[in-house]
Amino acid sequence: MDEEGLRGSRYGATFLGFADEARRVARLQYTHLTAEEGGEERLVEEAPCARLRPSPPAILGWSSRLRPGVQCELWHEDGWWEVVVYEKRRPPKPRGGPAQFEVYSETYGEVEAT
């Protein structure tokens, strides 16, 4: 997405077909984005096919391999956002639980705790 506030994010969509004869532009209907704020009609847009990719696979235990400096994508507000792992924190004992992370968005210059 190139809109202000959405730059660098990716969203799930259904491929509706090609928008041009050369098959370089796809017509998409987004899964979670609506045509109007608060509306129910799903947003339909055209995007270059070169920018499309499949959804990431679900892999158990992936977070144990994250280290500071690793680039990854974070699921946030119904989309995938490009971030860099800034810090990995272990939860305090005895509660335990999954590790927590601070991630940095190079696009927005912000650190976010997850």
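**Local features of the predicted model**

Glu-77 is exposed, with a relative accessible area of 61% (exposed means over 50%, buried under 20% and partly exposed in between, using a 1.4 Å probe and protein chains only). The structure is a predicted model, in which local features need pLDDT of at least 70 and side-chain atom pairs count only at pLDDT 80 or more, while totals for chains, interfaces and linings use all residues. Residues are numbered from 1 along each chain as its sequence is written, and side-chain values use heavy atoms, with hydrogens and water left out.

Glu-77 sits in the loop between strand S5 (71-76) and strand S6 (79-89). Strands here are DSSP runs of E with at least two residues, helices are runs of H or I with at least four, and both are numbered from the N terminus. Most residues other than glycine have a negative phi. Glu-77, although not a glycine, has a positive phi of about 50°. Asp-78 lies in the loop between S5 and S6 and likewise shows a positive phi, of about 65°, without being a glycine. With a relative accessible area of 36%, Asp-78 is partly exposed.

Turning to the strands, S2, S3 and S4 form an open sheet in the order S2-S3-S4, with antiparallel pairing (two strands pair if DSSP finds at least two bridges between them). Its edge strands are S2 (13-18) and S4 (42-48), each of which pairs on one side only. On average, neighbouring strands of this sheet are turned by 30° against each other, direction ignored; the axes are lines fitted to C-alpha atoms, for helices over the stretch in contact, and angles run from 0 to 180 degrees between N-to-C directions. Strands of a sheet pair through backbone hydrogen bonds. Strand S3 (residues 25-34) and S4 are joined in the antiparallel sense over six bridges. Arg-27 has Glu-46 in S4 as its bridge partner.

Rings of Phe, Tyr and Trp (its six-membered ring) pair if their centres lie within 6.5 Å; planes under 30 degrees apart count as stacked, over 60 as edge-to-face and the rest as tilted. By this rule there are three aromatic pairs. One of them joins Phe-15 and Phe-18 edge-to-face, at 5.1 Å centre to centre and with 70° between the planes. Trp-81 is buried at 12% relative accessibility, whereas Tyr-108 is partly exposed at 31%.

Ser-105 is placed in strand S7 (residues 100-105) and is buried at 12% relative accessibility. Leaving out residues up to four places away in sequence, Ser-105 touches Glu-82 and Glu-110 (contact means heavy atoms within 4.5 Å).
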